[in-house]
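Please look over the sequence and the model before reading on.

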Amino acid sequence: MEKKEKYEQMYEMLIDYERKIHEKNQRRIKIGLKCILIVPMIFLILLFWTNSNKVIFLILWIVSLFCIAAYLLFVEYMDFYLQEKLNELNENENETEAEVEKYE
């Protein structure tokens with residue numbers, strides 16, 4: 001019984017850790033979406049404030065949007081992979097509980 005309790009405790013710790021990572025990923029996604037709105041405004045303000053070449057700011061804006069989009073894709077992919085693993089663990093737990101109840 002002691003091993004079972006230890007495994008249950010480790011399982012709960014793993015689930016809590018993955019939930020915390022999921023919450024952090026959700027915050028990262030929100031920050032990335034805010035950056036998509038803020039970065040173009042910064043470049044627009046700099047463009048009018050400096051009266052510089054518009055092409056340079058357009059290129060910087062496009063590159064920054066690609067970088068932010070790549071960041072968001074990476075975070076979303078990692079979160080999706082994490083959710084798949086979490087669902088797989090939950091399915092395995094349900095199967096294990098069903099087997100234990102079957103033998104009791």
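## Burial and the predicted model

A residue is called buried when its relative accessible area is under 20%, exposed when that area is over 50%, and partly exposed in between. The structure described here is a predicted model.

By this criterion, the buried residues of helix H1 are Tyr-11, Ile-15, Glu-18, Asn-25, Ile-29, Gly-32, Val-39, Pro-40, Phe-43 and Leu-47.

## Helix H1

Helix H1 covers residues 2-50, a run of 49 residues. From its first C-alpha to its last it reaches 70 Å, which is close to the 72 Å expected at 1.5 Å a residue. Just after H1, Asn-51 adopts a positive phi of about 50 degrees.

The course of H1 includes a kink of about 25 degrees at Ile-36, located shortly before the proline Pro-40. Pro-40 itself is among the buried residues of the helix.

Ile-36, a residue of helix H1, is classed as partly exposed because its relative accessible area is 30%, a value between the limits of 20% and 50%.

When residues up to four places away in sequence are not counted, Ile-36 touches Leu-65, Ile-68 and Leu-72. Its C-alpha atom is separated by 8.3 Å from that of Ala-69, although Ile-36 and Ala-69 are 33 residues apart along the chain.

## Asn-25, a buried polar residue

Asn-25 also belongs to helix H1. Its relative accessibility is 4%, and it therefore counts as buried, the cut-off being under 20%.

The side chain of Asn-25 takes part in a polar contact of 2.9 Å with the side chain of Arg-28. Another polar contact, of 3.4 Å, joins the side chains of Asn-25 and Asp-79. With neighbours within four places in sequence left aside, Asn-25 is in contact with Val-75, Met-78, Asp-79 and Leu-82.

## Asp-79 in helix H2

Asp-79 lies in helix H2, which comprises residues 54-103. What is the nearest side chain of opposite charge to Asp-79? That side chain is Arg-28, 8.1 Å away. Asp-79 is buried yet has no salt bridge; a salt bridge would require a side-chain nitrogen of Lys or Arg within 4 Å of a carboxyl oxygen.

Asp-79 touches His-22, Asn-25 and Gln-26, residues up to four places away in sequence not being counted. With Asn-25, the link is also a polar contact between side chains, at 3.4 Å.

Terms used:
Residues are numbered from 1 along each chain as its sequence is written. This is a predicted model: local features need pLDDT of at least 70, side-chain atom pairs count only at pLDDT 80 or more; totals for chains, interfaces and linings use all residues. Side-chain values use heavy atoms; hydrogens and water are left out. Helices (H or I, at least four residues) and strands (E, at least two) are DSSP runs, numbered from the N terminus. The expected span of a helix is 1.5 Å times one less than its number of residues. The bend at a residue is the angle between axes fitted to the seven residues ending there and the seven starting there. Buried means under 20% relative accessible area, exposed over 50%, partly exposed in between (1.4 Å probe, protein chains only). Lys and Arg count as positive and Asp and Glu as negative; His and the chain ends are not counted. Contact means heavy atoms within 4.5 Å. A polar contact is a pair of N or O atoms within 3.5 Å; within protein, one must be able to donate a hydrogen and the other to accept it, and residues adjacent in sequence count only if both atoms are side-chain atoms.
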